[in-house]
Every structure is written in C-alpha cells, then in structure tokens.
Amino acid sequence: GPLGQGIANAVGLALAEKHLAARFNKPDNEIVDHYTYVILGDGCQMEGISNEACSLAGHWGLGKLIAFYDDNHISIDGDTEIAFTENVDTRFEGLGWHVIWVKNGNTGYDEIRAAIKEAKAVKDKPTLIKVTTTIGYGSPNKANSYSVHGSALGAKEVDATRKNLGWPYEPFHVPEDVKAHWSRHTPQGAALEAEWNAKFAEYEQKYKEEAAELKAIITGEQPAGWEKALPTYTPESPADATRNLSQQNLNALVKVLPGLLGGSADLASSNMTLLKMYGDFQKDTPEERNVRFGVREHGMGAICNGIALHSPGLIPYCATFFVFTDYMRAAIRISALCEAGVIYVMTHDSIGLGEDGPTHQPIEHLASFRAMPNVLMLRPADGNETAGAYKVAVLNRKRPSILALSRQKLPQLPGTSIEGVEKGGYIVSDNSSGNNPNVILIGTGSELEIAAKAADELRKEGKTVRVVSFVSWELFDEQSDAYKESVLPSAVSARVSIEAGSTFGWAKIVGSKGKAIGIDRFGASAPAGKIYKEFGLTPEAVVAAAKELC
C-alpha cells in the first residue's frame, strides 16, 4: 500500500492491545497479551506519516510494538544517498524507541532471534530492529540495485538466482522438509488457541461483566438496543451547532458501546470530541478512552484504521476541521479500501465557520468524498440528523463515515428524523399531493434551514413545494427505485439544491433543467451571516431560482 500506512496501522494495533489489556486483564488472568510486528522500509521512513505515528508510539510507550526496518539503502530512483542520509537510529531514539541493529540481515538468523528476545524484554518502549539487508539477495546481476526494487527479475535472472542459491527445484515446488518446517506451526497454533479458549472460559466464570464487554469487542456484536441511547430533539429544543450535538451523541454512545474510543488532532475543545466520563489514554493510563493525537492528522487517520482492524467491536473516531481532511486523505482512502469503519468527525464544515477565512473553509471537500468509493459522506442539519448520522456510522463497520458538522448554531427543524437519515435523502416538508409538487428544494446540513425558509415564502405565493434533506448521497443511492421516485419524482424537473460547497456533482440530483446553488470559488474571511449573503446562499436566492423553474 502507500508507504508509511503500514507502520501507522501497526501503532493503532498496538494501541488497541495496550488499551484492552489495561481494561480487561486481571492479576490472575492476562486475557489480552499479544505483540504487534511490522516491517517497514526506507521509503516508509521517508514518508512523514511514519514519523507522526512513531512519535506517538514512543510517547505512549507501546512496549509490545516491534518494528523491523529493512535497511537496504535502495529506493526506486537508486541508492538512498541521493535523498535520505539522516541517522534513523538517532531519530528513533529521540522519539522514545529502543533501537537494535542487526548487521547481517541476509543470513544472520540467530542475530534476528536475539534481537526479538531483547525487544520483548523492553516493556516501556516500542522497539525498532534495524535489519541491514541486500535487496535482491542471491540475484547475481541485480542484487543491491534499484532494478530489483520495482520490477520482476525476469526468467533469465530467476534461473541465474536459482543456480546461485543452489535451489534445484521447479517453480512453485515446496520441498517436503521445508513444508514440514513451516507446517509445525499448525498444531502449535491450535494448541495455543485451545489454551486461550480455556483461559477465557475461566475468565468468563470469574468476571462475567468484563467478559461480556470483551466478547462484544472481539465479535463486533454490539449490546442490544444501543441505539436507544441516541438523543432526540424537537423543534422547541434550543438551536445549536452540529459539532456540539455531535458531542452529546458521543457522550451518550460511550455509555453503551464498549469499543468506542477516539480523539482529535489537537482540536478537541473545538471539534467537541471529549468523552466527559473518561480521562486521556496515555502511557500510564491506557485504560482511558480519550486519545490525544496532537497535530498529526495523517498519522491519526492511519492509527484509527489499525484500531478498527484490530477487533470488529472497536469503534474508533477521530476529528479535525473538515478542510484538514486534505492532510489525511490517503488514510481515509485506506479506511475505505480496507473496510475499516472509522468515524471521521469533521467540524467547521463550510464558509459558515467565519473569520478563519479561505484557508480553513472547505469548498470541494464534500464532492471529493462523495466521489471516493466505499465512504459514507454525511452532512446533518440538526440534532435528529446528527443522531441519525451516528447511528449509520456505528452500524457501518465495513465502511468509514465522514460527518461534516457546523461551527455555527442551527435550529432544530420540524420533520427531521433519525430514520430519514438512514435513507440518505427524505422529505422534510411537503404541501403537494399526488407526488407532484411545483418545485423540489433540496438542502444539506446548514442549508436545509435556508431551503425550508424559501419553501415557506413560495407556499405563501400559492406554490406547492417539497423540501428534501439530502444527508448522504451514498445511502440514497442504495434505496429502492420506488423509494427514490417517491422523494424525487422523475416527472418533476423543477429542482433547486443549496449547499455551501462546490456545485460539482449536483447535476446528478437536480437534473439538466434544475438549478444548483453553491460555491465554486474559495471563501473569504467574514462572520457567517455576512458571508452567506455575499455568496448568495440565502432564502431569497432559492426563491428566485425556484420561480425561474415553476
């Protein structure tokens, strides 16, 4: 995969082990007790994500993480001396790692075994075992060269390598002694598994409550009725930013979901992601469930992938400003590709964030994630929709969810619901009959309120208007044709969408005769109310567009 992702995933796996061990191990029964091994190369070391993740691994004291660094001095463009001459050992020591150097990585098997033994003896630090090797070892003409890095040896060189290594066998033939040597692990593994199962049965008898929680995390079976913990809202509930409503949901869910944990890239007080019942996951308090990632968005995403892939019932979430998904896009793409159900809590989702200006105001981001396969892009408009987005995110364990949340306060709208969000798009209000309104107004997030206000004005003028909340394109696409027709009837071409982001892609929803109101330029620094007016994101603009169509 993309270089550096693997080592960062390994940090997530090791974090999960340390966390679960701290929560569930007892003096008489260490039920969680495994090491995490990972191999990385020179290219991984060059990628910034590896430093982000390894810095955190050192800070957290992940003593059961053992990394083998294949130090072969070759990358695709040639010898690493052309671009990579730092002292990796010293850097890792500075990051708080224990470092061991195996000088003969080609045939020094006993050295490697001894290094592993030493690494296991160091309990308070992760270990980097630098293994100096020759790339393409055994190839008489291509060993120690970049030509063996990214392409196959070729039939001629494969034959020469076989002769050079004294390997007389046909391709794909596994000699019996080799097979026997490797297959000895099968009965060993079965015995270890039986031993652990017996240990867990004993644990279950003594510690029923903890065993039930751990089992839920291992199997991914969430407690029955967990969704009843989701808060609900009425139009009389106070207006609030969806980032604040998100925090209410997180703090409700952590009481019923044993595997929920996560944090922010140094923005917890702004993303509103703190779990108030818990302290911080740190070196000496690994049982806690607030993870402090520091300003390391890319590493954060990849670490969360590792946590999600450790156990089906672990539900990691991570947070930053929506615009800074640009710093972590590769990790989000790997979430989608690996079917890791990470929940990405992305606040400050539009120009509505105000005075921070265009560097912080997302424009193209919604469209870009809607284009990414196996990602749920959710933009809730109020409390009920935020709760619905969390329900969807928790249920989708094999695809990541991105929640785009507002900084500015939004009203609790009539007609919104958790059930509606599960369908992706649904009718919030409608004064038409026979599935044939004069015009359909479609909004997402903070702009659903604008669509609702525009509808009120148009109805005063005698128009029949349907307002549709379009929280998630992906979920709507998955509904039956009959349901989609009931929300967006093909006979009604008068459609207006409004969203504080790029209009790219909206033609698919509004059709060739509809109008998409949005922002196809960078933002500006101004209070939310003022910038919305300047950019034409107003009920008046929606009314004018609708009148042109009906």
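Modeller: Strands here are DSSP runs of E, at least two residues long, numbered from the N terminus; helices are H or I runs of at least four. The model is predicted, so local features need pLDDT of at least 70 and side-chain atom pairs 80 or more, while totals for chains, interfaces and linings use all residues. Numbering starts from 1 along each chain as its sequence is written, and side-chain values use heavy atoms, without hydrogens or water.

Biologist: How much space lies in the largest cavity?

Modeller: A cavity is a set of points on a 1 Å grid over the protein atoms alone where a 1.4 Å probe fits but cannot get out. The structure holds one of 30 Å³ or more. Filled by probe spheres set on the points, the space is about 40 Å³.

Biologist: Which strands each supply at least two residues of its lining?

Modeller: Lining residues have an atom within 4 Å of a point. Among them are Gly262, Gly263, Asn290 and Arg292. The lining divides into three nonpolar, five polar (Gly counts here) and one charged. The strands are β7 (260-264) and β9 (290-292).

Biologist: Which strands stand at the edges of the sheet?

Modeller: Seven strands form an open parallel sheet, ordered β8-β9-β7-β10-β11-β13-β12. Each edge strand has a single partner, so one side is left without a neighbour: these are β8 (280-281) and β12 (376-378).

Biologist: What is the bridge partner of Asp280 in β9?

Modeller: Pairing takes at least two DSSP bridges. β8 and β9 have two, in the parallel sense. The partner of Asp280 is Asn290.

Methods. On a 1 Å grid over the protein atoms alone, a cavity is a set of points where a 1.4 Å probe fits but cannot get out, and a pocket is an open set with protein on both sides within 12 Å along at least five of seven lines; lining residues have an atom within 4 Å of a point.
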